[in-house]
Amino acid sequence: MTGTALILGAGPALSETAEFRNIRLTSPNDRELDDADRLLPLEVSEIQSAIEQQQAIAPRESDRKTDNAQSLGNISENPAPLNSAEAISESDNTRHSAIARESSLPPTISEKENNGSSAISLESTAVKDSETNGSQIAVASERNAVDTQERSAFDAAAVNATGDRDQPQQQQQQRQTNSEQPLLQVRRLSEIDRPKTSAEFLTQEPAPAIPVPQPEAVQVTGVKLNRTATGVEILLETPTGRQLPFSQAGDRSDRNTLIIDISGARLALPQGETFRAENPATGITSVTASQLDTNTIRVRVTGEAQLPSASVTAGASGLVVSVTPQSEINIIVTAQKTEESIQNVPTSITAITGRQVQDSGITSSQDIPRLAPNFSILESGNRARSSFNIRGLGNIPSVNTSGGSSIGFYIDDVPYSDWFSFQSSLTDIERIEVLRGPQGTLYGQNTQGGVINIVTRAPTNVWQFRGSTTYGSPGLRENQLTIKGPVDENISISLSGLYSERDGFVRNTLLDELMDQRQSLALRGQLRWLSTEKDWDVRLGLNYEENNDGGFTLVPFDNANRREVAQDFLGKIHSAGNDQSLRVLYNGSGIRFTSITSRREFRNSPGSGDGDFSPLAIVNANVDLNTLKWSQEFRLQSPDDAQTLQWLVGAYYEYKKTGSDTTVNFGPDAVAFGFPPATSITPADFTDTTYAIFSQVTYRPIQQLSLTGGLRFETRNYSMERQSLLELAGVRTPAAPDINLSDSNNVILPKVAIDYRFNPNVLIYGSIGRGYKNGGFSSLPSTPEAAAFDPERSWTYEIGTKTNWFNDRLLANLSLFYTRVKDYQVIDFIPPNISSITNAESANIWGLEVEVKAQPATGLNLNAGLGYTNAKYDRYTNGAGINLGENRLSNTPELTYNLGAQYRSPNGFFSRVELQGFGTTFFEETNQAKRSPFGLVNARIGYEFDNFGIYLFSNNLFDKTYLTSSFKNRFDGDRFYGGIGEGRTIGVQVTTQF
């Protein structure tokens with residue numbers, strides 16, 4: 001037996017270095033079998049010897065045999081011999097602990113893992129003689145002597161069981177001799193002693209068990225961290241320099257956490273029973289040491305992107321744990337509903353870790369494009385009306401429709417189905433994934449452009465505290481707080497919050513007020529129950545968000561000062577959303593099950609602004625919007641260690657009800673433009689119900705080749721009920737006939753992909769996928785024919801390569817794509833909220849993405865991303881009869897790029913600079929209004945202590961003024977107006993964590 005031991009007493013001294021990398025997780029049953037092999041210290045020869053000694057001292061009564069033979073004689077006159085000894089193989093003899101019925105092993109010798117998942121117990125049955133007390137005493141005395149002798153053999157075996165045993169030649173020959181002999185001589189039925197059943201025998205006291213002395217726990221009086229060139233060293237100091245035994249286990253619930261259990265030790269720290277350090281080294285987010293039980297210390301090391309590796313050695317003054325973080329650029333993602341390296345996913349994807357989110361100052365969904373090529377967010381006068389775009393496919397920034405978006409948005413598996421609820425504050429983030437290309441098989445309709453998948457940090461069983469305070473200009477205030485920790489042995493909780501505000505950049509000179517100020521509040525809570533075996537993981541999530549912003553801010557393109565306007569109406573936009581979710585995950589040995597139940601409510605009221613954007617009292621408008629959505633998803637899939645065949649099947653249900661109430665007030669100056677001084681009111685109710693089933697299979701005929709196929713069938717029923725009213729002098733009358741429309745559609749969304757890995761560093765892939773964006777109804781047109789618009793359908797073809805070099809210190813990925821779109825949805829937009837959606841016959845989109853990430857030296861991180869999109873109408877004639885074929889698609893930057901350099905030194909110095917750039921962007925279908933190429937620079941510098949950090953930062957360092965949208969203002973001679981991006985912000989941030 002190799003590497004087996006049963007540790008008694010204080011345990012063996014650490015004389016070698018033990019290394020652990022990427023621990024293979026097993027089920028509790030697997031661990032019990034493994035532990036039975038690992039902890040049993042006795043060879044067959046030792047057990048045979050013990051049996052012979054027991055047989056030598058056991059009393060034999062021939063007259064009992066005679067009685068038993070007579071009693072059983074009527075069962076079988078000539079019983080066949082039981083040749084069981086021949087059926088017991090040598091491997092069976094060595095693998096099982098309870099192999100002898102009459103053994104002289106100690107009554108109870110066991111060693112258990114700290115989590116109680118497995119145990120090895122060796123028990124013996126004492127031979128009792130009920131006829132004479134003297135013989136009982138003699139047997140017990142002799143057995144005690146044998147037990148004492150055997151325990152010495154146990155201790156010697158345990159000390160020598162850390163590796164392959166060096167047995168003397170004589171023991172090896174004896175083992176061979178024993179392996180050829182039957183382990184037990186099985187007697188005939190006629191030879192078995194008849195059991196005693198007298199009252200005297202039943203009332204006898206059993207022989208007392210011999211207690212095994214427990215070692216005194218070694219005190220650990222200090223925990224110190226030392227940064228090294230490759231990571232960090234954790235020193236567990238003992239007062240006398242005593243060496244500590246240890247064992248290690250992987251925690252399935254914490255994917256990036258390495259767990260090391262130090263047995264026979266107790267924390268005696270001046271600051272208490274728990275030690276914690278945040279971000280002690282690049283790639284390591286936290287190190288904790290806490291008392292697991294009376295005699296066990298648990299050390300937890302959490303990596304930023306992956307599970308760290310570690311080696312444990314005996315030091316002069318205690319135990320030294322040397323930790324090396326894995327690559328920060330080869331990140332584990334869940335893009336395909338299973339954990340895998342980003343370099344193994346056959347699609348174009350950008351992954352941003354929680355540490356990168358913090359280092360880049362990302363606090364909202366609007367900031368994500370700073371690090372993701374071919375992804376842009378353009379505000380249409382306010383963040384509540386933004387255009388999201390990936391590879392030329394996005395959303396219609398109008399709330400008066402039942403249509404969808406081409407981009408899916410998820411936070412902890414909760415779908416944010418409506419694009420107008422995408423503006424979300426981000427706090428306590430573990431990872432952000434930006435998936436480019438159609439994702440319909442696993443995520444459903446309205447994801448033909450891609451998916452934004454945000455994962456927050458889970459509650460932990462160790463108390464954590466994180467906080468930050470930011471103060472800056474213009475009027476910048478921001479506070480973040482996260483608290484998480486255990487409530488019970490299997491229950492933990494997480495609470496996080498963010499509050500931010502800033503002044504505006506655009507001033508209304510007519511009213512002497514700022515126009516675009518912002519205020520945000522976000523609260524998030526999670527309650528987690530994790531079973532003792534780590535196979536069940538149940539999480540209850542609660543989220544609340546609220547935004548209070550200034551009204552729609554649009555300025556003339558040709559203004560000399562684009563940060564000044566003169567308007568008679570300020571406006572205001574208030575939005576609030578809340579969601580509740582229940583996620584149930586089961587991770588068994590042969591299957592995984594996931595259930596996600598969610599409820600989301602969102603309200604935008606008021607949403608008001610000046611409709612003519614002039615000093616005249618012509619028109620202002622307001623939209624009250626509320627939506628309620630329920631969704632349920634079930635998934636069954638192969639276990640996470642499946643290799644040759646990975647499969648997934650699922651079902652999805654969603655019900656959504658949206659109410660929209662649009663009010664347009666015409667003022668006294670509207671008469672000059674042909675409008676009476678009246679109020680137009682358009683209430684509308686939209687209902688959507690969606691059912692879907694889906695499946696995806698990945699087959700690997702050989703290790704290097706993967707074949708993936710997926711299919712989703714989705715059916716949707718939707719309807720709209722709309723009224724159009726006109727209020728004049730306090731009297732409401734119908735302005736147009738009511739419109740009541742309903743429709744349904746079915747769609748099949750297939751996807752196939754193939755990838756081949758030439759070597760561990762190079763993967764190539766190709767994929768074909770179908771995309772789909774909902775059709776629907778618009779509430780503003782006056783006729784049913786004009787109110788309806790068709791779904792948008794697409795096919796995307798993609799090839800790419802993913803490479804990583806120099807032990808994951810360099811990552812370089814390339815993807816090329818072509819998308820053919822039919823019935824491309826187009827909007828004619830008259831602000832603030834008058835719109836009509838139509839369909840262009842077809843459009844063609846092609847382009848590429850390149851991403852490079854590198855760690856050329858410890859603490860130095862470089863990143864670069866480039867996206868090119870050539871998106872044009874193929875065939876499109878607008879309502880005015882103008883042929884717009886070959887025109888560029890609106891709100892699609894031709895070029896996007898990002899460059900970043902960051903350095904974090906071992907002594908605490910931190911610096912980061914990044915550049916985000918955009919190519920030419922056209923804002924409307926005629927391509928008359930466009931934005932020229934430009935770039936934005938962000939910078940951050942600071943110093944980090946053990947538990948604190950202080951930073952000076954600036955976003956849009958050079959105060960670039962740039963446009964984000966456009967429209968023709970019919971009240972100003974069809975002059976182009978547009979939204980203005982954020983100006984320079986500068987501030988100081990202080991962070992703390994422990």
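This is a predicted model: local features need pLDDT of at least 70, side-chain atom pairs count only at pLDDT 80 or more; totals for chains, interfaces and linings use all residues.
Leaving aside residues up to four places away in sequence, Arg524 touches Ile411, Asp412, Thr456, Ser494, Leu495, Ser496, Leu542 and Asn543. Take Leu495 from that list: it is 29 residues from Arg524 along the chain, and their C-alpha atoms are separated by 5.9 Å.

Let me step back to the whole chain. There are 11 helices and 56 strands. The chain has 994 residues, and 54% of them count as buried. Among contacts with a separation of 6 or more, 67% are between residues 24 or more positions apart. The accessible surface comes to about 42,600 Å², with 53% of that belonging to carbon and sulfur atoms.

Strand 18 is joined to strand 19, residues 386–390, by 5 bridges. If you want to find one of them on screen, look for Phe375, whose bridge partner in strand 19 is Ile390.

Now for the aromatics. The count comes to 24 aromatic pairs. One of them is Phe666 with Phe675: the ring centres are 4.7 Å apart and the planes are at 10 degrees, so this pair is stacked. Phe666 is buried at 18% relative accessible area, while Phe675 is partly exposed at 24%. An edge-to-face example is Tyr824 with Tyr873, at 5.9 Å centre to centre and 85 degrees between the planes. That pair links distant parts of the chain, with Tyr824 in strand 45 (residues 810–830) and Tyr873 in strand 47 (residues 860–875), 49 residues apart. Both tyrosines, Tyr824 and Tyr873, are buried. Back with the phenylalanines, Phe666 and Phe675 belong to one aromatic cluster together with Phe673 and Phe971.

Last stop: arginines over rings. The charged end of Arg391 sits over the ring of Phe817, 4.0 Å from its centre. Arg931 lies over the face of Phe918, 5.1 Å from the ring centre.

Definitions and conventions:
Residues are numbered from 1 along each chain as its sequence is written. Side-chain values use heavy atoms; hydrogens and water are left out. Two strands pair if DSSP finds at least two bridges between them. Helices (H or I, at least four residues) and strands (E, at least two) are DSSP runs, numbered from the N terminus. Contact means heavy atoms within 4.5 Å. Buried means under 20% relative accessible area, exposed over 50%, partly exposed in between (1.4 Å probe, protein chains only). Accessible areas come from the Shrake-Rupley method with a 1.4 Å probe; for residues, only the protein chains shown count as cover. Rings of Phe, Tyr and Trp (its six-membered ring) pair if their centres lie within 6.5 Å; planes under 30 degrees apart count as stacked, over 60 as edge-to-face and the rest as tilted. A charge sits over a ring if NZ of Lys or CZ of Arg is within 6 Å of the ring centre and within 35 degrees of the ring normal.
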